Amino acid sequence: MVIDDPVRAIGLPGIDPELSEAGVGRMVVLRPWRDGDAGDLVAAWADPEIRRWTAVPEPADLKAARRWIAGWDERRRRRLALDLVAADPADDRVLGEVGLSSFDDDRSAARIGWWTAPGERGRGVATAMVAAMTAWAHARPLGLQAVVAEVDEANPASLVVAHRAGYRPLERPSGTARVTAAPLLVSWAGAS
Ligand SMILES: CC(C)(COP(=O)(O)OP(=O)(O)OC[C@H]1O[C@@H](n2cnc3c(N)ncnc32)[C@H](O)[C@@H]1OP(=O)(O)O)[C@@H](O)C(=O)NCCC(=O)NCCS
């Protein structure tokens with residue numbers, strides 16, 4: 001699928017209602033990052049697991065967090081990334097993050113990444129937010145054919161999350177070399 005208007009295609013006004021209909025119950029609400037989230041972002045960036053498995057700026061301080069949040073809308077408008085907070089529906093606190101990036105219109109594909117705040121793990125937050133974002137990415141307005149997750153074999157919790165959210169290992173023709181260090185898992189449109 002060719003997206004004829006990239007800015008509108010990932011425009012945010014329609015996201016929250018559509019995501020909340022994505023069949024994940026009341027576990028999380030996906031919303032944009034706000035300046036008031038900077039402290040939570042710094043805390044997440046300080047977590048050893050998040051540092052190990054995701055890209056964290058250096059220094060990962062309050063100034064960097066505010067700058068990253070301030071750049072949120074520009075990254076969206078320039079179609080570089082759509083990073084969303086998975087917030088608690090009851091009090092809006094940051095439970096985690098899920099984001100799309102590396103949009104590839106020729107392949108109708110994008111990459112997905114995620115983390116859950118250390119104190120919020122083990123109760124389904126990541127599964128809910130990844131499933132919601134994936135369902136939304138396959139639906140209108142983006143209508144992606146493929147969403148790709150890069151999950152290291154040494155990260156079993158994330159493998160569980162990816163599988164539960166419908167991701168399956170990318171089949172490679174036998175004998176082909178890996179192009180990235182970590183295995184790729186894909187969610188295909190129409191697969192369940
Ligand atoms: C991976 C991560 C996102 C999981 O978040 P979460 O909100 O705790 O995930 P969920 O609760 O939805 O599901 C995790 C599942 O993995 C399971 N799990 C956790 N550690 C595990 C392990 N070492 N081996 C096998 N399963 C494990 C959990 O028990 C849970 O399954 P359960 O519901 O049957 O108990 C979180 O640990 C994290 O942010 N890690 C650091 C960042 C990261 O790895 N990001 C992804 C990069 S690809």
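Guide: Two strands pair if DSSP finds at least two bridges between them. Strands (E, at least two residues) and helices (H or I, at least four) are DSSP runs, numbered from the N terminus. This is a predicted model: local features need pLDDT of at least 70, side-chain atom pairs count only at pLDDT 80 or more, and totals for chains, interfaces and linings use all residues. Residues are numbered from 1 along each chain as its sequence is written.

Visitor: What makes β6 and β7 a pair?

Guide: β6 and β7 (residues 184-188) are joined by two bridges. The cut-off is at least two, so they count as paired. The sense is antiparallel. P169 stands opposite L185 in β7.

Visitor: What is the strand order of the sheet?

Guide: The order is β1-β2-β3-β4-β5-β7-β6, seven strands in an open sheet with mixed pairing.

Visitor: Why do β1 and β6 stand at the edges?

Guide: β1 (29-31) and β6 (168-169) each have a single partner strand, so one side of each is left without a neighbour in the sheet.

Visitor: How does the chain get from β4 to β5, and what is the hand of the crossover?

Guide: The chain goes through α7, and this β-α-β crossover is right-handed. The term means that, with the strands pointing away from the viewer, the path from the first strand over the helix to the second runs clockwise.

Visitor: What joins β5 to β7?

Guide: Five bridges join them, and the strands run antiparallel. The bridge partner of V148 in β7 is V186.

Visitor: Why is A165 called buried?

Guide: A residue is buried if 20 or more other C-beta atoms lie within 10 Å of its own, exposed if 12 or fewer, and partly exposed in between; C-beta atoms are placed from the backbone. A165 has 25 such atoms, so it is buried. A165 is found in the loop between α8 and β6.

Visitor: Which residues does A165 touch?

Guide: Not counting residues up to four places away in sequence, A165 touches T127, V130, A131, T134 and S187. Contact means C-beta atoms, placed from the backbone, within 7 Å.

Visitor: What makes α7 mostly covered?

Guide: In α7, 13 of its 14 residues are buried. The helix reaches 20 Å from its first C-alpha to its last, close to the 20 Å expected. The expected span is 1.5 Å times one less than the number of residues.

Visitor: How many residues surround the ligand, and which are the closest?

Guide: 21 residues surround the ligand, and R121, A126, T127, P156 and A157 are the closest. The criterion is a C-beta atom, placed from the backbone, within 6 Å of the molecule.

Visitor: Which helix supplies the largest share of that shell?

Guide: α8 does, with five residues. Among the elements that each supply at least two are α4 (48-53) and β4 (109-116).

Note on methods:
Two residues are in contact if their C-beta atoms, placed from the backbone, lie within 7 Å.
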